[in-house]
Amino acid sequence: KNIDDLVDVTGLETLLNRYPYQLSGGERQRVCIVRAIIREPDLLLLDEPFSNLDKKIKKSIIDHVESILQQKKITTILVTHDINNILNISDKILVFKGGVLQQYDSPQNMYCHPSNCYCAELLGDLNEINFQGKKHYIRPEHIKIVEKSKYKINIIKSLYQGKDYKVKATHNLNEFHFYSKDSYEPKTTLYFDFDSKNLIFFNKKCESYFT
């Protein structure tokens, strides 16, 4: 039953009578995933397992594979460069740079409280803000557009993403991003504010990671 479920989840039921050379790269990738999980190992290493999958089936496979691994309680090390995979399905994240461990933490803590600039930028966009005379950073989702404040931005363009817009702007000559339900015309001037608890601060040595 386990293998039948995995075959169904990964969409391989119509490919069972084919030879390996008759399969596409994405189809072979799905076969490898099934072969690895069906053994129910104590420790499973998945190296970029979803990289060659079509977008249409990718999300479904990720959701089902995660569910199966949790049900079987299989400890899994997932190596990937896809940030969405990391944040969505990981219990813990390890970030390496040059073979050196930078941070080991939960997705939430690493995103909100990165140990250094490298980890912060790896997991998403950052906006630079001068707060109380020091350089700080803040995630785009924490930016609030207001009627008036001392923080001003100039709109470059609004990028439609389905449920909202990702707005690209400049602030003190630096590129700046935020999310909005509204689209703004280029060269529009807006004011923004934020909750200081969402600010991220790094020392000067750490900031060298950005260059």
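I started with valine 79, which counts as partly exposed because its relative accessibility is 35%. My cut-offs: buried is under 20% relative accessible area, exposed is over 50%, and partly exposed is in between, with a 1.4 Å probe and protein chains only. This is a predicted model, so I noted that local features need pLDDT of at least 70, side-chain atom pairs count only at pLDDT 80 or more, and totals for chains, interfaces and linings use all residues. Residues are numbered from 1 along each chain as its sequence is written, and side-chain values use heavy atoms, with hydrogens and water left out.

I placed valine 79 in strand S2. Helices (H or I, at least four residues) and strands (E, at least two) are DSSP runs, numbered from the N terminus.

I then looked up the largest pocket, which holds about 940 Å³ of space. It is lined by 28 residues, and Ile77, Leu78, Val79, Ser90 and Lys92 are the closest to its centre. Helix H3 (55–72), S2, helix H4 (83–89), strand S3 (93–97) and helix H6 (117–122) each give two or more residues to this lining. I sorted the lining into 19 nonpolar, six polar and three charged residues.

A pocket is an open set of points on a 1 Å grid over the protein atoms alone, where a 1.4 Å probe fits, with protein on both sides within 12 Å along at least five of seven lines; lining residues have an atom within 4 Å of a point.

The second largest pocket holds about 550 Å³. Of its 20 lining residues, Asp82, Ile83, Asn84, Asn85 and Asn88 lie nearest the centre. H3 and H4 are the elements that give two or more residues here. This lining has eight nonpolar, four polar and eight charged residues.

**Positive phi**

Which loop holds leucine 173? I found leucine 173 between strand S9 (165–171) and strand S10 (174–180). Its phi is positive, about 70°, although leucine 173 is not a glycine. Leucine 173 counts as exposed, at 86% relative accessibility.

Lysine 187 is in the loop between S10 and strand S11 (189–193). Lysine 187 has a positive phi of about 75° and is not a glycine. Lysine 187 is exposed, at 77% relative accessible area.

Definitions and conventions
Grid points are joined across faces, edges and corners, and a volume is the space filled by probe spheres set on the points. Ala, Val, Leu, Ile, Met, Phe, Trp, Tyr, Cys and Pro count as nonpolar, Asp, Glu, Lys and Arg as charged, and the others, Gly among them, as polar.
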